[in-house]
Amino acid sequence: MRKKLIAGNWKMNLGPADSAKLAQDILNAASGNDKADIVIAPTYTSLDRVSGIIHGSNVKLSAQDMHWEEQGAFTGKISWDMLKELNVEYAILGHSEQRTFFHETNQTVNMKTKKALEKSLIPIVCVGETLEERESGKTNAVCEDHVRGAFQGISKEDAVKCIIAYEPVWAIGTGKNATPEQAQDVHAFIRNLLKEMYDEGAASTIRILYGGSMKPDNAAGLLSKPDIDGGLIGGASLKADSFLGIINAAP
Ligand code: PEP
């Protein structure tokens, strides 16, 4: 039985003071909550403050990205050891905003995923199609390309440590979520693909989150589907009430 995981991606929102307040509010409400694994991903400049607040609790820390190199001349980038020093445990990799605006490719997602695994960070690998790709019937092909690309050369033993987030690009930040049935279809497709790439055991272990305008009022429907193992939440993770509403919607 896969435990649900609810992750909040704060994107480029909230400075250290506001992040500390939100983290504290989430911790106050979610401390001891066993319905789901809870992860929050503040901006880099807020990681230190937030880490101090949630350290030792059931609320875990994620970065929104990380570089595949350990150090050096990579202006603007952050490496795994800088994250580990702040007790970061997860890294969101291949988010569609990285793919769209910052030249993220399957190859860079693959390099980041390998490095994260090597250094014991848990990758949350994002995949998903654009509206144009969905309308031209390419949803499964795009997701297959993203999953195969990200997991290229990764062993089954490492693959089972990863989390996948299916995030249809047309649903991110638009208020238009995929219906539970649309999301379930793609999740089942991805799970079947993992079975083909690895085996039944790996496919039934890897958690596949849904992301794209998940909110307290649509979360229960999505989270009740058999292959939807949680959510990656953008907008609704910026308020403790709505983030908690989603956690509490987990069956
Ligand atoms: C996201 O960016 O990962 C996301 C799912 O955003 P939103 O919930 O705002 O659609």
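This is a predicted model: local features need pLDDT of at least 70, side-chain atom pairs count only at pLDDT 80 or more; totals for chains, interfaces and linings use all residues.

## Ground rules

Helices (H or I, at least four residues) and strands (E, at least two) are DSSP runs, and they are numbered from the N terminus.

Residues are numbered from 1 along each chain as its sequence is written, and side-chain values use heavy atoms, with hydrogens and water left out.

## Around the ligand

What surrounds the ligand? A shell of 14 residues does, and the closest are K11, E167, G173, S213 and G234; a residue is near a molecule if one of its heavy atoms lies within 4 Å of it. By class, that shell has four nonpolar, eight polar and two charged residues. Here Ala, Val, Leu, Ile, Met, Phe, Trp, Tyr, Cys and Pro count as nonpolar, Asp, Glu, Lys and Arg as charged, and the others, Gly among them, as polar.

Now for some polar contacts, meaning pairs of N or O atoms within 3.5 Å; within protein, one must be able to donate a hydrogen and the other to accept it, and residues adjacent in sequence count only if both atoms are side-chain atoms. The side chain of E167 has an N or O atom 2.7 Å from an oxygen atom of the ligand. For H95, an N or O atom of the side chain is 2.8 Å from a ligand oxygen. S213 uses its backbone instead, with an N or O atom 2.8 Å from an oxygen atom of the ligand. Of the 290 Å² that the ligand exposes when taken alone, the protein buries 96%. Those areas come from the Shrake-Rupley method with a 1.4 Å probe; for residues, only the protein chains shown count as cover.

Where does the ligand sit? It is in the second largest pocket. On a 1 Å grid over the protein atoms alone, a pocket is an open set of points where a 1.4 Å probe fits, with protein on both sides within 12 Å along at least five of seven lines. A molecule sits in one if more than half of its atoms lie within 2 Å of its grid points.

## Positive phi

Most residues other than glycine have a negative phi. K11, back in the ligand shell, has a positive phi of about 50 degrees although it is not a glycine. K11 lies in the loop between β1 (5-9) and α1 (16-30).

S120 also has a positive phi without being a glycine, near 65 degrees. Its place is in the loop between α5 and β5 (122-127). S120 counts as exposed because its relative accessibility is 54%, where exposed means over 50%, buried under 20%, and partly exposed in between (1.4 Å probe, protein chains only).

Is K112 buried or exposed? This lysine in helix α5 (residues 106-118) is buried, because its relative accessible area is 5%. The K112 side chain makes a polar contact with the side chain of D65 (2.9 Å). F151, in the loop between α7 (139-150) and α8 (156-159), is buried at 3% relative accessibility. Its C-alpha atom is 8.4 Å from that of K114, 37 residues apart along the chain. L193, found in helix α9 (residues 180-197), is buried at 3%.

L14 has its place in the loop between β1 and α1.

Definitions and conventions
On a 1 Å grid over the protein atoms alone, a cavity is a set of points where a 1.4 Å probe fits but cannot get out, and a pocket is an open set with protein on both sides within 12 Å along at least five of seven lines; lining residues have an atom within 4 Å of a point.
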